[in-house]
Amino acid sequence: MQTGLIERRLYLDIDKTMVDPRKIRSNFTIALAEHCSVSRKKIQQLTRKYLDGLEDSTKFDPRELAEHISARLRKKRTKERAFPSEDLAAIILDPLRVVGATYDDVGVLGRVRRELFASGIHLGIFSQGVGYWQEHKLQHSEIDLNLFEGKLFEIHPDKLSSDVLDRIPAGSAIVDDKEVVVETLAEQRPDIHAIWINRNSKEISAKNGVHTIFSLDELSPLLRRLWLGTDQPTQPK
Ligand SMILES: [Mg+2]
């Protein structure tokens, strides 16, 4: 790296920040119901039961859900499994389920990167969940992964653990939809810019050090303010 060239990292969460997991769930619920010739409600109930058994929704694992459903849909007379777990997993993991689940404003990230490129912006992922499932959603979403740097992919079972947080340099910005995440960041790493994306209401975080946005469209002016102390583009138009 050249001396004097500042690296400024922008990390983005995946679920409910860039991709709507409810849309993906709705897509695979429809497909599973069709494949198994049961009602969507039945698949929803089985999924709910599986989710209720998890300590946290970020522990969701499609292969575990497939196993859960496979074990409960039995043939009437023989009580054998009607559908092998692997078949159900393949349906959930069909890339088609992810199509259309990316929020429209994710399209602005190319512009954010261009506008702040000369100011040293680097894009990364800051995600909590089961690794292969998070990567699957990224790969098959409409997110342009060319904008991101592979070495800045932080996908962990617990992203707020100190060994993960220790790798995030001071001055980085992190966007997340979960209030508890941005509030914890503001407390534990006040040298990081915690940005709450609230897609559900007009509420603004009252927490000191947390910046609230309602759409990724607001990211570019906010980052210019946080990183450069100005709302104006640094390059003449
Ligand atoms: Mg999230």
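Modeller: The domain assignment, automatic or from a database, divides the protein into domain 1 (8–20 + 102–228) and domain 2 (22–98). This is a predicted model, in which local features need pLDDT of at least 70 and side-chain atom pairs count only at pLDDT 80 or more, while totals for chains, interfaces and linings use all residues. Residues are numbered from 1 along each chain as its sequence is written.

The C-alpha centres of domain 1 and domain 2 lie 30 Å apart. Nine residues of domain 1 are in contact with nine of domain 2, contact requiring C-beta atoms, placed from the backbone, within 7 Å.

The largest nonpolar core has 45 residues; such a core is a set of buried Ala, Val, Leu, Ile, Met, Phe, Trp, Tyr and Cys residues joined through C-beta atoms within 7 Å. A residue is buried if 20 or more other C-beta atoms, placed from the backbone, lie within 10 Å of its own. Strand β5 supplies the largest share of this core, four residues, and each of domain 1 and domain 2 gives at least three. Those with the most contacts inside the core are Leu12, Ile174, Val182, Ala194 and Ile195. Beyond its neighbours within four places in sequence, Leu12 touches Thr17, Met18, Ile125, Phe126 and Val175.

Val182 also belongs to helix α8 (residues 179–188), whose buried residues are Val181, Val182 and Leu185. Seen down the axis of α8, these fall within an arc of 90° and therefore line one face of the helix. They pack against β4 (173–176), β5 (193–197) and β6 (210–213); helices (H or I, at least four residues) and strands (E, at least two) are DSSP runs, numbered from the N terminus.

Key
A residue is buried if 20 or more other C-beta atoms lie within 10 Å of its own, exposed if 12 or fewer, and partly exposed in between; C-beta atoms are placed from the backbone. The arc is that of the directions from the helix axis to the C-beta atoms. Two residues are in contact if their C-beta atoms, placed from the backbone, lie within 7 Å.
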